[in-house]
Structure formats: C-alpha cells, structure tokens
Amino acid sequence: MNHKKVLEKLEKQIGIRGLPLKLFENYLANRTHFVSIEDIQSQKASATRGVPQGSNLGPLLFLLYVNEDITNVSKFKTTLFADDTVLSISAKSVIGLKKG
C-alpha cells in the first residue's frame with residue numbers, strides 16, 4: 001500500500017482535506033520496521049508502504065486502497081468483504097474458462 005496513493009484516494013475519492021488529511025499523513029509518516037528473532041534484531045528500515053500491523057485504521061485504509069482498483073479487473077466477478085476479497089470467474093466449459 002503506497003502511502004502517497006492512499007492519501008490521494010482519501011482526498012480525491014472520500015473528500016478528506018485539511019487537518020484530517022494531515023492527521024492521516026502523520027499517521028503513515030516516519031515509520032520504521034525491523035525483524036526480531038529471539039534476542040537478535042535487524043537494522044531498522046524506513047516503511048514507506050503498508051500500515052502498522054494490528055492497527056485499527058489498517059483494514060479501513062487497505063479497503064479504501066484496493067476497493068475501486070480491484071473491482072476494475074475485467075475478467076473476474078469481485079466480491080468485497082470487510083477484510084477479504086473473492087475474485088471468481090465462470091464459464092460453461094473449461095475451454096470457456098481458458099478463453100476468459
């Protein structure tokens with residue numbers, strides 16, 4: 001999830017502007033991540049994509065990010081759930097499925 005793109009979607013598709021948009025920007029900015037195995041930790045790296053694991057806003061921002069784009073997949077029927085997505089395709093035969 002590209003932070004710049006999700007902020008653009010918040011502004012252009014949802015209409016969030018000004019201070020509320022700045023709050024989302026600050027929420028996503030200056031984050032780092034690392035790997036920890038037992039007592040050993042990797043170096044911290046800048047996180048310019050994704051959302052914090054276990055966050056309350058993470059699933060909401062993810063759905064906003066994929067909602068419009070994923071439904072534009074032409075060959076598939078798209079069913080969106082709160083935290084899951086199903087892509088399906090049907091045809092009268094296997095040959096029909098291969099042709100798409």
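Is E25 buried, exposed or partly exposed? The answer comes in the first close-up below, and the model behind these views is a predicted one.

**View 1. K22 and E25 pair up on helix α2.** Here's the one salt bridge that the structure holds. The side chains of K22 and E25 come together with 4.0 Å from N to O. Both residues belong to helix α2, and they sit three residues apart, which is about one turn of the helix. As for E25, it is partly exposed, because its relative accessible area is 35%, a value between the 20% and 50% cut-offs. K22 lands in that class as well: with 41% relative accessibility, it counts as partly exposed. Why might two such side chains meet at all? Side chains of opposite charge can pair when their charged atoms come close.

**View 2. N2 sits in the segment before α1.** N2 counts as buried because its relative accessibility is 17%, and the cut-off for buried is under 20%. A polar atom of the N2 side chain lies 2.8 Å from the backbone nitrogen of K4. Once you set aside the neighbours within four places in sequence, N2 still has contacts with T48, R49 and Y65.

**View 3. The largest pocket and its lining.** Rolling a probe the size of a water molecule over the atoms shows where empty space is left. The largest pocket holds about 200 Å³ of space. Its lining includes H3, L28, R31, T32 and H33. Also on the lining list are A47, R49, G50, V51, P52 and Q53. Sorted by type, the lining residues come out as four nonpolar, five polar and two charged.

**View 4. N30, a positive phi in a loop.** N30 isn't a glycine, yet its phi is positive, at about 55 degrees. You'll find N30 in the loop that runs between α2 (18-28) and β1 (32-33). With a relative accessible area of 80%, N30 is exposed.

**View 5. E38, a positive phi between two strands.** Which residue other than glycine has a positive phi near 55 degrees in this view? That's E38, placed in the loop between β2 (36-37) and β3 (40-41). E38 counts as exposed because its relative accessibility is 76%, and the cut-off for exposed is over 50%.

Key
Residues numbered from 1 in each chain as written. Predicted model: local features only at pLDDT ≥ 70, side-chain atom pairs only at ≥ 80, totals over all residues. Heavy atoms only, no water. Helix = DSSP H or I, 4+ residues; strand = E, 2+ residues; numbered from the N terminus. Buried < 20%, exposed > 50% of the residue type's maximum accessible area, 1.4 Å probe, protein only. Polar contact = N/O pair within 3.5 Å; in protein donor to acceptor, adjacent residues only side chain to side chain. Contact = heavy atoms within 4.5 Å. 1 Å grid on protein atoms, 1.4 Å probe; cavity = no way out; pocket = protein on both sides within 12 Å on 5 of 7 lines; lining within 4 Å. Points joined across faces, edges and corners; volume = space filled by probe spheres on them. Nonpolar A, V, L, I, M, F, W, Y, C, P; charged D, E, K, R; others polar.
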